[in-house]
Amino acid sequence: MKSSGRLPALSACLAFVLSSALFAQTTQNPAVTAALHESADFRQRGQLSSALDSARKALKLAKGSCGECQRLVVDLQFQMDRPHDAASSAASWTSHASSPAEKATAEYLQARALVLEDKEKHNDALLHRADQVLQQAAKDAPSDPAVHLLEGRVLAALKEESDAKAQFLACAATPGATPIQCRRANAYAQNISLAANDEAPDFTINRTDGTPVTLESLAGKVVLIDFWATWCGPCARDRSYVQSIAKDFDKDNFVLLGISTDEDEDVWKNHVHANRMVGIQVRDHRDAMKDMFHVSGIPTYLILDGNGIIRFRTTGALKDLRTKVQELVKESPSSTTQNTAKAAATTLKPASN
C-alpha cells in the first residue's frame, strides 16, 4: 500500500544499523555500565520512559563521550515514536563521535529521524535537511550501501528521480551491500514509485522447534503476514479465508506467516493444531514483531513482495487479500521464470499416442 507521496515510516526498533559501520562501544566506567544495564532492564519490561531516563543518566555520567549511550538514547526515542527528539539526539551525537564511522552512524540515524518527522509534518524542508545530512554521511562512510539506499529514497520523495536512481544503482554496486539491500535498490531503480512504500524490518522470530524465520529466509517470495490471536473474534471470522489463500499459490512463490500475539503458548499451540492451520505459524510473545511492524490492532494483514517491501496493509475489516497476493506473485521474477520453464516443458513434452 503506497503512502501519500511521502517517504513512509521506517522500522524503529532494531534496524538502525549501518551495514558497514555497526558501532558498539563499551565503557570502563562502572557507574555508566550500571546505568546502561538498568536501561536495558527497563526496556525489556517495556518501561521505555524509565529506560530513556537511565540511558540519559549513563550519557551524563560519561560526560557525553559514550557512543553506546548516545545510540541507546536515539534508539529509545525511535521506539517511542519521537522522531524530532531522535533527530536532535543524533545531531548532538555527531559532535561527540570518536571516528568517521561512528559519525556516519549518527548522521544516518539523524536522517532517518528527519524522514519520520516529515511523515508527521509533511514539510519538504525536513527531507532537504535529511538529504544534506546523508551527503555528509556519504563523505564519512563512502562505501556504505545503507547511506545510498536511504539517500535514494529521500531523493525519490523529493521527485528528483534521476538522482534517486543513481543512488539506488550505487547501493546495488557497493561490495558491502546485503542481498536485501541489493534487491530493493534494483527494484527501486527499475520502478522509482516503489520507493514510496514501507520496508519490512530485518526480523528474526523462532518457530516452536527453535528454527528461525527471518526476512532473508523469505526472500523472493510474496509474504502474507497475519497478526492474530486465539481470543480475537474477527481473527476467527477471517481464519478460513486467510488459510485458503495459502493453498492457492505455489510454495516457491508465496508463504503465509501467521504471527500470534497470544501470551499462553499452550493455548496457541492447541488452537493451531485443532484448526489445522497451515503456513508458518509463530508466536510473538513479547510483541517484538508488533512493535517492529507498528501494529496497533488485530487482525492486521500485511503483504510483502519478494524484496521485503510492504505493498499492502490493513487492520480490522477484511479486504481482498487474494487478489493483491495474485498481483504480486505475477510480477515476481521467480514466478515469471517458473512459468517460462513450465511452458517450455509443456512444449517439449512428447505427444501421447
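Predicted model: local features only at pLDDT ≥ 70, side-chain atom pairs only at ≥ 80, totals over all residues.
Visitor: What makes α5 roughly antiparallel to α6?

Guide: The axes of α5 (residues 100-121) and α6 (residues 124-140) cross at roughly 165 degrees. Angles over 145 degrees count as roughly antiparallel, so α5 is given that description relative to α6. The two axes come within 8 Å, and the crossing is left-handed.

Visitor: Which residues of α5 and α6 make the contact?

Guide: On α5 they include Pro-100, Ala-104, Tyr-108, Ala-111, Leu-114 and Val-115. On α6, Leu-126, Leu-127, Ala-130, Val-133, Leu-134 and Ala-137 are among them. By class, the contact has twelve nonpolar, two polar and eight charged residues.

Visitor: How do you know that Cys-66 and Cys-69 are joined by a disulfide?

Guide: Their sulfur atoms are 2.3 Å apart. The cut-off for a disulfide is within 2.5 Å, so the pair qualifies.

Visitor: Why is the disulfide of Cys-66 and Cys-69 called right-handed?

Guide: Because the torsion about its S-S bond is about 75 degrees. Both Cys-66 and Cys-69 are buried.

Visitor: What makes Cys-232 and Cys-235 a disulfide?

Guide: The S to S distance is 2.4 Å, and the limit is within 2.5 Å, so Cys-232 and Cys-235 are counted as joined. The torsion about their S-S bond is about 80 degrees, so this disulfide is right-handed.

Visitor: Are Cys-232 and Cys-235 buried or exposed, and why?

Guide: Cys-232 has 5% relative accessibility and counts as buried. Cys-235 has a relative accessible area of 7%. Buried means under 20%, so Cys-235 is buried as well.

Visitor: How many disulfides does the rule give, and what is the pairing?

Guide: The count comes to two disulfides. With the bonded cysteines of the chain numbered in sequence order, the pairing is 1-2, 3-4. The pairs are Cys-66 with Cys-69, and Cys-232 with Cys-235.

Definitions and conventions:
Residues numbered from 1 in each chain as written. Heavy atoms only, no water. Axes fitted to C-alpha atoms, helices over the stretch in contact; angles between N-to-C directions. Helix = DSSP H or I, 4+ residues; strand = E, 2+ residues; numbered from the N terminus. Parallel < 35°, antiparallel > 145°, perpendicular 65-115°, else oblique. Left-handed = near helix turned anticlockwise from the far one by under 90°. Contact = heavy atoms within 4.5 Å. Nonpolar A, V, L, I, M, F, W, Y, C, P; charged D, E, K, R; others polar. Buried < 20%, exposed > 50% of the residue type's maximum accessible area, 1.4 Å probe, protein only.
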